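Good morning, and thank you for making time for this presentation. Please have the sequence and the structure open as I speak.

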Amino acid sequence: MSAYFSERVEAEVLRALEKAIDVFEALGAKIERLDLRPEFEAIVNAQQVILQAEAYAVHETTVREHPDLLDPEVYERLVKSKEVSGYKYVQAMQKRKEYIHLLNKTFEKIDVLLTPTLPILPPEIGQREVNAQWKEPVREALLRFTSPFNYTGHPSLSIPCGWSKSGLPIGCQLVGQFYHEALLYQFAYAFEKARE
C-alpha cells in the first residue's frame with residue numbers, strides 16, 4: 001500500500017484495508033509500504049485533463065444543440081470541460097508513457113499493489129461533498145484511487161474486504177503489471193477463500 005492511498009481516507013475504510021493486509025500476510029504475502037504520492041498526484045491530474053477534453057469532444061453536439069437532454073450537473077461539467085486547452089491535452093497524453101514507465105518500475109519490486117477501491121464509504125444519493133475531516137467533491141473522491149490505472153491501463157480488480165458499522169460494503173483494489181491479470185485473480189481467489 002502507498003501513502004497516496006492512505007491519506008484522506010475514512011477510518012472504516014482504512015480498518016477494513018488493514019484487515020485485508022492481515023489476511024494476505026497470513027497467506028504468506030510479504031507486505032511493503034510504498035510512497036508513490038508525487039507520481040499519483042501527477043497521474044490523477046493528467047488523467048483529469050484527458051477525461052475533460054475527451055468528454056467534451058464526444059458530447060459537444062449535445063451540449064450545443066440539445067442541452068435540455070442533459071442533467072444540469074452533467075451539463076455544467078461538460079461546459080467546464082470545454083475550457084481544457086489543446087496543448088494541455090497533448091501534454092497529458094505525452095506524459096502517459098512516462099507515468100506508465102514509472103509504474104512499471106514499481107512492479108519490478110512488487111507483484112501486486114493493494115489499495116482501497118474508494119477512500120470513502122458509499123455516499124448517499126445526491127450527496128455532493130465528502131462529510132469527513134476533509135472537504136472534497138464526492139465525484140473526485142470516488143475516482144481518486146481507480147483513475148490512475150484507467151490512465152495507465154494497468155489491470156486492476158476490486159474485491160469486497162469488509163463492511164462499515166452501518167452495513168455498507170468496503171472494497172480493496174488489487175493492481176498488477178500489464179498482462180498479469182491471472183495473478184490478480186489468484187490473489188483475489190486466495191483472499192476470498194481465506195475469508196470463508
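I begin with a definition: two strands pair if DSSP finds at least two bridges between them. Helices (H or I, at least four residues) and strands (E, at least two) are DSSP runs, numbered from the N terminus. With those terms in place, W163 stands opposite P169 in β3.

A word on the source is needed here. This is a predicted model, in which local features need pLDDT of at least 70 and side-chain atom pairs count only at pLDDT 80 or more, while totals for chains, interfaces and linings use all residues. Residues are numbered from 1 along each chain as its sequence is written, and side-chain values use heavy atoms, with hydrogens and water left out.

Let me turn to the overall layout. The chain has 7 helices and 3 strands, and along the sequence their pattern is α-α-α-α-β-α-α-β-β-α. The C-alpha atoms fill a box of roughly 55 × 40 × 30 Å, taken along the principal axes. Of the 196 residues, 38% count as buried; buried means under 20% relative accessible area, exposed over 50%, and partly exposed in between, with a 1.4 Å probe and protein chains only. I shall also speak of contact, which means heavy atoms within 4.5 Å. Among contacts between residues at least 6 apart in sequence, 70% join residues at least 24 apart.

Now the strands. β2 and β3 run antiparallel and are joined by 7 bridges. Their hairpin has 5 residues between the strands, and in it G167 takes a positive phi near 90°. β3 is also joined to β1, by 4 bridges, and these two strands run antiparallel. Which way do the residues of β1 point? L113 and T115 point one way, L114 and P116 the other way, and all are buried.

A nonpolar core is a set of buried Ala, Val, Leu, Ile, Met, Phe, Trp, Tyr and Cys residues joined through side-chain atoms within 4.5 Å. In soluble globular proteins, nonpolar side chains tend to be buried together. The largest nonpolar core here has 32 residues, and those with the most contacts inside it are F40, L113 and L174. At least two residues of this core come from each of α1, α2, β1 (113-116), β2, β3 and α7. Which of them gives the most to this core? That is α1, with 7 residues. Leaving aside neighbours within four places in sequence, L113 is in contact with several residues, among them F5, F40, F149 and L174. Apart from this core lies another, of 9 residues, including I43, I50, V84 and Y99.

I come next to the aromatic rings. Rings of Phe, Tyr and Trp (its six-membered ring) pair if their centres lie within 6.5 Å; planes under 30 degrees apart count as stacked, over 60 as edge-to-face and the rest as tilted. By this rule there are 8 aromatic pairs. In one of them, the ring centres of F24 and F187 are 5.9 Å apart and the planes are at 40°, so the pair is tilted. F24 lies in helix α1 (residues 11-26) and F187 in helix α7 (residues 181-194), so this pair ties together parts that are 163 residues apart in sequence. F24 is buried, with a relative accessible area of 6%, whereas F187, at 22%, counts as partly exposed.

A second pair is F40 with F149: their ring centres are 5.6 Å apart and their planes at 65°, so the pair is edge-to-face. This pair links F40 in helix α2 (residues 37-65) to F149 in helix α6 (residues 147-152), 109 residues apart. Both F40 and F149 are buried. Ring pairs link F5, F40, F145 and F149 into a cluster.

Finally, consider α7. Its buried residues are L184, A188 and F191. Seen down the helix axis, they fall within an arc of 65°, so they line one face of α7; the arc is that of the directions from the helix axis to the C-beta atoms. These buried residues pack against α1, β2 (156-163) and β3 (169-175). Which exposed residues does the face turned away from the buried side carry? They are Y185 and Y189.
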